[in-house]
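These are notes for a colleague who is opening this structure for the first time. Please keep the viewer at hand while reading the points below.

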Amino acid sequence: MELRQLEYFIAVAEELHFGRAASRLGMTQPPLSQQIRQLEDELGVRLFHRTNRHVELSDAGRVYLGEVRRMFALLQQAEQMARKAQLGKMGRLVLGFVGSATYDVLPNVIRAYQDQYPDVDLVLHEMPTPDQIDALLNGTIDVGVLRPPTSHPALTVRTIRRDQCVAVVPVSHRLAAEKTITMKQLRREQLILVSRSIWPGLYDSIVTLFHEEGVSPTIRLEVTEVQTVVGLVAAEIGVSILPGSTQHVHTRDVRYLPITGEAPQVEMGVAWRREDQSEVLKQFLAVIDKMAVRTDGQTR
């Protein structure tokens with residue numbers, strides 16, 4: 001059985017006349033009649049009742065016509081879906097992201113991407129940067145929004161945002177009334193930091209800057225979530241240093257103070273497997289490039 005035989009069958013079923021059906025198909029009547037008989041022989045049923053003057057569908061023919069039309073509709077849908085997939089407009093994209101990405105760039109990116117590509121199944125997984133690297137390498141995720149620096153020969157990493165850090169202190173702290181602060185003013189404070197295993201870039205930059213001031217910082221606690229850091233600062237357990245974008249984690253019990261002079265800076269990046277040529281991935285990267293925000297607030 002061939003698709004053209006089914007097309008011939010539909011034409012005869014709609015015209016109920018072999019001559020008109022043949023003309024519609026751009027062929028002569030004898031080959032058309034032969035193809036319909038061959039189709040009936042293959043199916044083992046009679047699709048039409050024929051006389052010299054009249055053609056009508058049999059009961060089997062009416063049922064078969066409905067199913068064949070549905071099949072052609074599915075084929076047309078499959079064709080459209082294949083074209084969409086080729087353009088990156090349909091498919092599946094698994095995205096890993098660090099929790100802090102939800103404070104600035106990620107919500108706008110996801111909203112813009114889903115508006116432009118509603119037929120892509122976007123699957124989201126929150127995970128720290130080291131876990132994202134593993135997940136990219138083993139194929140668990142397709143793209144990651146993470147915290148550089150990180151490198152691997154199998155991955156491409158692109159910076160999409162840079163952010164200067166601020167000090168976070170309790171409202172009752174002696175420095176809370178200051179408009180700005182320096183790293184030196186924090187040298188005797190007990191620090192609450194995001195764990196190095198979660199955010200090595202931030203952790204190392206803070207420690208390095210203290211060492212450059214000739215100070216060995218006192219790290220009282222290391223935790224896994226930015227929200228936890230802010231909550232512990234509010235509880236007056238210590239102070240912290242976090243990216244400026246985390247000021248959206250608002251609480252009336254803390255103050256966010258700009259750091260003047262040398263201050264830690266952090267980056268937000270996007271990473272993917274270098275060999276991945278997926279059109280869905282390419283379209284996502286195009287969206288994130290448009291939506292990524294520089295520190296000066298301008299879009300890229």
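1. Phenylalanine 48 is buried, with a relative accessible area of 2%. Here buried means under 20% relative accessible area, exposed means over 50%, and partly exposed lies in between, with a 1.4 Å probe and protein chains only. Phenylalanine 18 also counts as buried, because its relative accessibility is 8%.

2. A word on the basis of these notes: this is a predicted model, in which local features need pLDDT of at least 70 and side-chain atom pairs count only at pLDDT 80 or more, while totals for chains, interfaces and linings use all residues. Residues are numbered from 1 along each chain as its sequence is written, and side-chain values use heavy atoms, with hydrogens and water left out.

3. How many aromatic pairs does the structure hold? There are five, where rings of Phe, Tyr and Trp (its six-membered ring) pair if their centres lie within 6.5 Å; planes under 30 degrees apart are stacked, over 60 edge-to-face, and the rest tilted. In the pair of phenylalanine 18 and phenylalanine 48, the ring centres are 6.2 Å apart and the planes stand at 65°, so this pair is edge-to-face. The pair links distant parts of the chain, 30 residues apart: phenylalanine 18 is in helix α2 (residues 18–25) and phenylalanine 48 in strand β1 (residues 48–50). Helices (H or I, at least four residues) and strands (E, at least two) are DSSP runs, numbered from the N terminus.

4. The pair of tyrosine 113 and tyrosine 117 is tilted, because the planes of its rings are at 35°, with the centres 5.2 Å apart. Both tyrosine 113 and tyrosine 117 are buried. Elsewhere, ring pairs join Phe9, Phe18, Phe48 and Tyr64 into a cluster.

5. Helix α3 (residues 29–43) has 15 residues and reaches 21 Å from its first C-alpha to its last, close to the 21 Å expected at 1.5 Å a residue; the expected span is 1.5 Å times one less than the number of residues. Its buried residues are Leu32, Ser33, Gln35, Ile36, Leu39 and Glu40. Seen down the axis of α3, these fall within an arc of 160°, so they line one face of the helix; the arc is that of the directions from the helix axis to the C-beta atoms. Pro30, Gln34 and Asp41 are exposed on the other side of α3. Just after α3, glycine 44 takes a positive phi of about 75°.

6. Where does serine 100 lie? Serine 100 is in the loop between β3 (91–97) and α5 (105–116), and counts as buried because its relative accessibility is 6%. Leaving out residues up to four places away in sequence, serine 100 touches Arg147, Trp199, Val226 and Met268, contact meaning heavy atoms within 4.5 Å.

7. For the chain as a whole, there are nine helices and eleven strands. The C-alpha trace spans about 105 × 40 × 35 Å along its principal axes. Buried residues make up 44% of the 300 residues in the chain.

8. Aspartate 59 is found in helix α4 (residues 59–86) and counts as exposed because its relative accessibility is 58%. Aspartate 59 and aspartate 142 are 83 residues apart in sequence and 51 Å apart in space, C-alpha to C-alpha.
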